[in-house]
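Please look at the sequence and the structure shown below before reading on. The notes that follow begin with a single pair of residues and then turn to other parts of the picture.

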Amino acid sequence: MGLCTEGDCIRAAGRRGYCKAHYARAIRIGTIKVERERDPVKRLWSYVRKTRSCWLWTGTVTWRGYGQLYIYGRFQQAHRAVYEEVRGPIPDGLHLDHLCRNRACVRPDHLEPVTAGENLRRGFGASGINGRKTHCINGHEFTTENTVVYPSGTRRCKACARALTVARLARMKSERAVPNRATCLVCGTVFERPNKQVKICSDPCRREATREYQRRYDRRRDPVTPQPEASYFTPAAMVAKKEGVLPEMVQVARNQVSVIGPAARSI
């Protein structure tokens, strides 16, 4: 393969001594006259290259590997067009399955009309691979007594489902046997909570937490006299309040800790 014959072009030559870009330009300006086959049947067979096994499609191929051409006023898959020319119309609702597993093959002997479900089961996609399995991942056989088939077609092993249920119930029983303990965010005491969402031990602590959140909200809403950021809502602060001792307010600003002094108002 030489270089393109158009001027100083250094691209590889293709059709008629031109590169791809100059060949398209020559057709556009009329330098090369391309005679297109008007007969759709002859044009169809002009793209077929017969080998000992498959009839390979040399025309346009889609990204999925199937041949495609524009024939009889519409785009059509090449293997379907060849099959209809040789064998006749394809029954409604049936797909053509490639028995040779070569999507570019258009030989009618390698094509069989089957349903969409059968075509998927014969393929190498997820549906075909899982559909041909005879045992589950744990080695249980997919028999009629040991298989649950959902309306979507998904199968499930009954033995594995029972094992998962037993393990889940055992885990729930063990979790109920051990008390679910937590530390109160207000007073710091350890208590047993009914569920994982409870983080405050009693109603007094819950009311104190509500008041603290309201104070924080008021400080953020006051633009005239900003209050220093104090850490009221800590176990140490709540314990000190119960004992009647007001802790010092600590302000953290720009990664520097500075002690402001005793709080001017009660917590």
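Arginine 121 and glutamate 118 lie three residues apart in helix H4 (residues 116–122), and are therefore separated by about one helical turn. In an α-helix there are 3.6 residues a turn, so residues three or four places apart point the same way. The model discussed here is a predicted one, and the points below are grouped by topic.

**The pair in helix H4**

- The side chains of arginine 121 and glutamate 118 meet in a salt bridge, with a distance of 3.3 Å from N to O.
- Arginine 121 counts as partly exposed, since its relative accessibility is 44%, and glutamate 118 also counts as partly exposed, with a value of 25%.

**Other salt bridges**

- How many salt bridges does the count come to? The count comes to eleven salt bridges, including the one between arginine 121 and glutamate 118.
- Another joins aspartate 97 to arginine 101, whose closest N and O atoms are 3.2 Å apart.
- Is aspartate 97 buried or exposed? Aspartate 97 counts as buried, because its relative accessibility is 2% and the cut-off for buried is under 20%, whereas arginine 101, at 39%, counts as partly exposed.
- Arginine 107 and aspartate 109 also form a salt bridge through their side chains, at 3.6 Å from N to O, and aspartate 109 is partly exposed, with a relative accessible area of 45%.

**Helix H1**

- Which residues of helix H1 (residues 20–29) are buried? The buried residues are His22, Tyr23 and Ala26, and because they cover an arc of only 105 degrees around the axis, they are on the same side of H1.
- Lys20 and Arg28, on the other side of H1, are exposed.
- After H1 comes glycine 30, which has a positive phi, near 95 degrees.

**The protein as a whole**

- The protein contains eight helices and 13 strands, and buried residues make up 26% of its 267 residues.
- Among the contacts in the protein with a separation of 6 or more, 24% are between residues 24 or more positions apart.
- The accessible surface of the protein comes to about 19400 Å², and carbon and sulfur atoms account for 53% of that surface.

Conventions:
Residues numbered from 1 in each chain as written. Predicted model: local features only at pLDDT ≥ 70, side-chain atom pairs only at ≥ 80, totals over all residues. Heavy atoms only, no water. Salt bridge = Lys/Arg side-chain N within 4 Å of Asp/Glu carboxyl O. Buried < 20%, exposed > 50% of the residue type's maximum accessible area, 1.4 Å probe, protein only. Helix = DSSP H or I, 4+ residues; strand = E, 2+ residues; numbered from the N terminus. Contact = heavy atoms within 4.5 Å. Areas by Shrake-Rupley, 256 points an atom, 1.4 Å probe, with all protein chains shown as cover. Arc of directions from axis to C-beta.
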